[in-house]
Amino acid sequence: MSEIIKVGMADLKTCVSPDGITTLGLGSCVGIAVRDTVNKIGGLAHIMLPDSKAIRNGQQNIAKFADTGIEELVRQMEKLGAKRSRMVAKIAGGATMFVFQGNGTNLGQVGDRNVEAVKSKLKELKIPILAEDTGENYGRTVIFYPESGDFHIRAVGKNETII
């Protein structure tokens, strides 16, 4: 019997088929699903912020940041037997949930910055992104199945999509 493993905010987990993996409440956060296409080992990271080096004490929770969280996810998958050369990714989230006025700040664009950081890190690691559902102004819940690579995306008031 397969299990659906839950990933919290600023968290990451790995699994082996036939298990699946899910995370709730991707607003400006980004969910990164990575899969070894041969042995069906998968992982999902729920990142909150783009860069650990921009935050004092940023190394306390490496899963919180795109730069450190994706590296750790790949490391854990490799420990289970995955090969980086066979890994592919799908991403979702990175919404603009709030609009801030004034002061010339870009606080409202954290979703955009998260998506950019995730894409940059995956490119650096030579892990291609096969599909994405990012941006807009609504939250998402995702379920990832490493067996098929299906990434189910649910949002309130929208039809479920599979990328």
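In the predicted model, the largest nonpolar core holds 23 residues, of which I32, V118 and L122 touch the most other members. A nonpolar core is here a set of buried Ala, Val, Leu, Ile, Met, Phe, Trp, Tyr and Cys residues joined through side-chain atoms within 4.5 Å. Buried denotes a relative accessible area under 20%, exposed over 50%, and partly exposed in between, with a 1.4 Å probe and protein chains only. At least two residues of this core come from each of β4 (30-36), β5 (41-47), α1 (66-79), β6 (87-93) and α2 (110-124). The most is given by α1, with five residues. Apart from neighbours within four places in sequence, L122 is in contact (heavy atoms within 4.5 Å) with I32, I70, A89, I91, I127 and I129. A second, separate core comprises 13 residues, including C15, I21, V142 and F151.

The model is predicted, with local features requiring pLDDT of at least 70 and side-chain atom pairs counted only at pLDDT 80 or more, while totals for chains, interfaces and linings use all residues. Residues are numbered from 1 along each chain as its sequence is written, and side-chain values use heavy atoms, with hydrogens and water left out.

The protein contains two helices and ten strands, where helices (H or I, at least four residues) and strands (E, at least two) are DSSP runs numbered from the N terminus. The order of elements from the N terminus is β-β-β-β-β-α-β-α-β-β-β-β. The radius of gyration is 15 Å, close to the 15 Å that the globule rule gives for 163 residues, so the protein is as compact as a globular protein of that length. This radius is taken over C-alpha atoms, and the globule rule is 2.2 Å times the number of residues to the power 0.38. The C-alpha trace spans about 50 × 35 × 25 Å along its principal axes.

Of the 163 residues, 47% count as buried. Among contacts with a separation of 6 or more, 62% are between residues 24 or more positions apart. The accessible surface, from the Shrake-Rupley method with a 1.4 Å probe and, for residues, only the protein chains shown as cover, comes to about 8,400 Å². Carbon and sulfur atoms account for 52% of this surface. There are 21 positive and 18 negative side chains, and the centres of the two sets lie 3 Å apart. In this count Lys and Arg are positive and Asp and Glu negative, with His and the chain ends not counted; each charge is placed at NZ of Lys, CZ of Arg, CG of Asp or CD of Glu.

M77 is in helix α1 and counts as buried, at 0% relative accessibility. Leaving aside neighbours within four places in sequence, the contacts of M77 are T14, V34, R35, D36, I41, G42, G43, A82 and M87. N114 belongs to helix α2 and is likewise buried, with a relative accessibility of 0%. Residues up to four places away in sequence not being counted, N114 touches S28, C29, V30, I47, M48, L49 and P50.

The loop between α1 and β6 contains G81, which is partly exposed at 30% relative accessibility. With residues up to four places away in sequence excluded, G81 touches D36, N39, I41 and R86. G81 and T68 are 13 residues apart along the chain, and their C-alpha atoms are separated by 20 Å.

Backbone geometry was considered next. Most residues other than glycine have a negative phi, and most peptide bonds are trans. The bond joining S17 and P18 is a cis peptide bond, with omega about 15 degrees. P18 lies in the loop between β2 (11-16) and β3 (20-26); the C-alpha atoms of P18 and N114 are 29 Å apart, at a sequence distance of 96 residues. A10, a residue other than glycine, has a positive phi near 60 degrees. A10 is in the loop between β1 (4-7) and β2 and is buried, with a relative accessible area of 11%. E136, also not a glycine, has a positive phi of about 65 degrees. E136 occupies the loop between β7 (129-134) and β8 (140-145) and counts as exposed, at 54% relative accessibility. Between E136 and M77, 59 residues apart along the chain, the C-alpha separation is 30 Å.
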